[in-house]
Protein chains: 2
Amino acid sequence: MADKQDLIFVGSYLLERLAQLGVNSLFGVPGDFNLGFLDLVEDHPDIDWVGNCNELNAAYAADGYARVKQKSIGALLTTFGVGELSAINGIAGAFSEMVPIIHIAGVPSTSQQKNKPMLHHTLGDGRYDAYYKAAQQFASSHTGLMDLSTATSEIDRVLTDCITNARPVYLMLPTDIVYQKVSSAPLKTPLKPSPPETEAEVEEFVLNEIQKLVEEAGEDVVILVDACAIRHGVKEEAWDLIEKSGFPVYAAPMGKSAVPEGYERYGGIYVGSLSHPDVKAKVEGAKLILSVGSLKSDFNTGNFTYRIPQASTVELHSDHTRIQYALYPGVGFKKLLPKLTARLHPLDHPASSVTVPPFRALLPNPAEDPLGADVISHLWLWPRMGEFFEPEDVVVSETGTSSFGALAVPLPKDAIYVSQILWGSIGWTLGSTLGAALAAREIGLKGRTILFVGDGSLQLTVQELSTMMRKGLKPIVFVLNNSGYTIERHLHGRVRHYNDIVNWKWTKLLEVMAPEDIKVPPKSYTVHTKSELDALLKEESFAHAEGMQLVELMMDKFDAPVALLKQAELSGKTNKYVADFV
Amino acid sequence: MADKQDLIFVGSYLLERLAQLGVNSLFGVPGDFNLGFLDLVEDHPDIDWVGNCNELNAAYAADGYARVKQKSIGALLTTFGVGELSAINGIAGAFSEMVPIIHIAGVPSTSQQKNKPMLHHTLGDGRYDAYYKAAQQFASSHTGLMDLSTATSEIDRVLTDCITNARPVYLMLPTDIVYQKVSSAPLKTPLKPSPPETEAEVEEFVLNEIQKLVEEAGEDVVILVDACAIRHGVKEEAWDLIEKSGFPVYAAPMGKSAVPEGYERYGGIYVGSLSHPDVKAKVEGAKLILSVGSLKSDFNTGNFTYRIPQASTVELHSDHTRIQYALYPGVGFKKLLPKLTARLHPLDHPASSVTVPPFRALLPNPAEDPLGADVISHLWLWPRMGEFFEPEDVVVSETGTSSFGALAVPLPKDAIYVSQILWGSIGWTLGSTLGAALAAREIGLKGRTILFVGDGSLQLTVQELSTMMRKGLKPIVFVLNNSGYTIERHLHGRVRHYNDIVNWKWTKLLEVMAPEDIKVPPKSYTVHTKSELDALLKEESFAHAEGMQLVELMMDKFDAPVALLKQAELSGKTNKYVADFV
């Protein structure tokens, strides 16, 4: 039995573990099965209760938080049934995109779970395990915390899985367990990721193989960085390899901002047949591609149009390596990358001096804009935004025109790009921006948090604008007002009414949802022309404002970035609604 | 092979079945895996696409629609993964509360589901069945529609289950199947509920048993009507029994408005120890209780404080009957009730002449209001609203102070009460009101749709105010501004910050979210006092307005209906956060 001095509530133990992992904000909505735990949260010195408007938005916020904070996790608290199920799409998205989140659901007491009374928030048929079963589909690890004797080891187990696998975990927290006491002794040992053990012999073999291929490829070696390099925390290790080897480097869409986009040997985004022709030629013409953390989803590969032979590829992943056709399970990039860098660095390799096409987004001549010289077109908007971005900005772009547009613009040093390219749940960015902005403030980023979101997407999760102001955040929200779901118009139903939405008075939203005691009142703008937007972006009082801002950009209903039009054409082919034999 | 004349798209077949079941509104959000089907919807003469702001709200709306439309079902359309999962809490709520909804998820083509490419909206690990597995937890029936040869029989099977069990069903609709052709011949036979067969001999035995008990009980027989009488469509059969027998009748909270509340032999709401003392004495003192469609959840029974011996109870359910301790599976009330009425009607039973305590909600003398003579208190608000209600009104009340308050007020003839007492998901009423108001218009109700919702709850689903105006609906929305989650303050954390919310400018909301081409602009009011509210309610231009209206009621943070305070005290006891040994 532990010394009485060492005893601590289970709820407090959980919070201490979260604090150790760098969690300073807990997202969620109160409910009667989590109120007792919330007392501990509210009284905790290092963890702030965010208090979202709804649970889906809260899950999105936890996701954005984890992405920007990095080397930490997102944390979400909901209540039994009604709360946890509302969040499930946000958690599934984090699973899909590999974002570590702990979802804590406050649930009835252990005795209620055994006796199964027909409580509110139950299905009325005695199935107390239905939500747990649903949650398991989207959790890399889960626990019911029904037994005090294993409570702390279970907390430690799921949190370790969370940081090891970079995926959500689910923890049921019964009301009575929260205030049971346990030994605090395990807290003295911080949790750390527990990747598979690598056998030294295999690793040595793998390094030799890669080195041989690199040497044979001559000047035709490129590095391609993708999502998992960010999600599994090897940005620094990858950067070390990139810088020291001097190899040309490109990024997949989901790897954007993993490599500083101003780096002189960075060629921009490779996305199969949607790539800039220079990039496509360089990547697909390489004899060897060192791929770091690839994730080959449709939108991340130009609808599966990679033209890279497997025989020319070395894939480095979090838990395995693939060299040409050979798979090496257990050889993960966290340990391999530094060793590979040590091998390749001294080589003075010919690939380190081949030219790399510069990644630029040149502002087009407005007079030549097909939509009109002063119309805010996608062609002009994104390069112009590229000039507006600053180091350490966090740029969040919504699935749809925004994410296709922002991809094509290089970001400044230490800027972070946040987008949901695989999961692609519309409305995600608004919640995510709340979390991203909080994390940016916590880690002391000097830039702004800037959101690009369409009018259609914004409606899904709009209430979280309020929470941003409540927390004293000041993101800049650009609302692309293009009268509905423009990405869908290009996929199907160009003039169908189901792609229309109500045109809200967007510039009144912040005022309606601002707290009464807000220190700096929010500001909103509508801009109709290039010149208006240009002037606004140049104003110092706008670019570095003290309060939150929303800018409504009036855009054409059918205008879209070129990459989106191409992607839509490709998806339409695979996803078409067969009417040939009608 | 069917005649070519008889061929029809699978998507059209599904829509025809929905139309046959009385579905005239389809709720949901477009997404790239349902756009093809949406073409058919948009072109359908009898089914209107609602186009919600998000999927959870859409599910709530489908639920409210089914409740008010009755003898029909709600219908929801979402897209693969991101859309369907966002709706899952709404569907689980419909499962719990027994509301028939078909949830149609537009999913990738049958060949994509076999080959499992890493499409957007997937989990990235090839598991195409994860959403289906989650959905199964909350569906009484489900189908993947992967095989053309069984497509129409599968559609018919799940829809039949939906109307038989009054619970949600889940249907995956692959993009390619939508436009495959099938025979339309089955459409000639309308679907109907398929309850279990009752053996005539057993039914006769059951009727004899009940008749014997009724005769033995003398004047001490009461009828208690509950949720399942409404959900399983026996309101008319139950009313026939009530009227013809003349027995005193009471309703559980979830049975409210099943019996016309102005009926002279209706005594009001029985809710265990929270009941009015007269009601409690009458019900618990009865020698025999004929219970129709009972559902014994915590909030529906005064936290399990029924004091009714099983030996005095006959429970009539949709698929079984229980007489005292004996269970009769398969003897359902749809067929049994008319026969029971025929048996009991001619009896001239002494229970038909005992006095029943009148169900009234008398307006208190303002001068005696403990909160102040002109403060809008719960004590005064609900009886005052009782005077405002009219026949055929639909009254929707949110979980929390509103639902506890509205329960205590008798509703006029043919008014419908809509509340979610078992599931209790906050924010549900706003979406539900949209569906309820649409259904009320479709069935030609002459009353208004009136929503009571707290400020905390409204924030969860606020965007659907927009859809109400888009569809030309004109519900009256009363927003109880009591500075946060008042029900939770009474459960736990009375002065904790986690129960606070941002105080929005509520009266600006409608203006911000109204369509530009709205025919009658919405109106909003803030009322601070009893006299202001009284005056407003008396204005004809308010009571029967041509446009949508929102009324912000300024109320005390801690004020609550008496029943809520009692319930909170009871839940607190079972659900308390053990701090005794701290």
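Trainee: What is the phi of B:G22, the residue after α1(B), positive or negative?

Mentor: The phi of B:G22, which follows α1(B), is positive, near 90°. Helices here are DSSP runs of H or I with at least four residues, while strands are runs of E with at least two, both numbered from the N terminus. This is a predicted model, in which local features need pLDDT of at least 70 and side-chain atom pairs count only at pLDDT 80 or more, while totals for chains, interfaces and linings use all residues. Residues are numbered from 1 along each chain as its sequence is written, chains are lettered from A and ligands numbered from 1 in the order in which they are written, and side-chain values use heavy atoms, with hydrogens and water left out.

Trainee: Why is helix α1 of chain B called largely enclosed by the rest of the structure?

Mentor: Buried means under 20% relative accessible area, exposed means over 50%, and partly exposed lies in between (1.4 Å probe, protein chains only). Eight of the 11 residues of this helix, residues 10-20 of chain B, are buried, so the helix is largely enclosed by the rest of the structure. Among the buried residues are B:Y13, B:L14 and B:R17.

Trainee: How many disulfides are there over all chains?

Mentor: A disulfide is a pair of cysteine sulfur atoms within 2.5 Å, and by this rule the count over all chains is zero. A:C53 is in no disulfide, the nearest cysteine sulfur, that of B:C53, being 15 Å away. A:C53 has 4% relative accessibility and therefore counts as buried.

Trainee: What relates the two copies as by a two-fold rotation axis?

Mentor: Superposed by least squares on the C-alpha atoms of residues with pLDDT of at least 70 in both, chain A can be laid on chain B with an RMSD of 0.0 Å by a turn of 180° and a shift of 0.0 Å along the axis. The two copies are therefore related as by a two-fold rotation axis. In chain A, the C-alpha nearest the axis is that of A:A134, 2.2 Å from it.

Trainee: How do you know that the copies meet through the same surface?

Mentor: Contact means heavy atoms within 4.5 Å, and 96 residues of chain A are in contact with 96 residues of chain B. Since 100% of the interface residues of chain A are also interface residues in chain B, the copies meet through the same surface.

Trainee: What makes B:R496 and A:D43 a salt bridge?

Mentor: A salt bridge needs a side-chain nitrogen of Lys or Arg within 4 Å of a carboxyl oxygen of Asp or Glu, and the closest N and O atoms of B:R496 and A:D43 are 2.8 Å apart.
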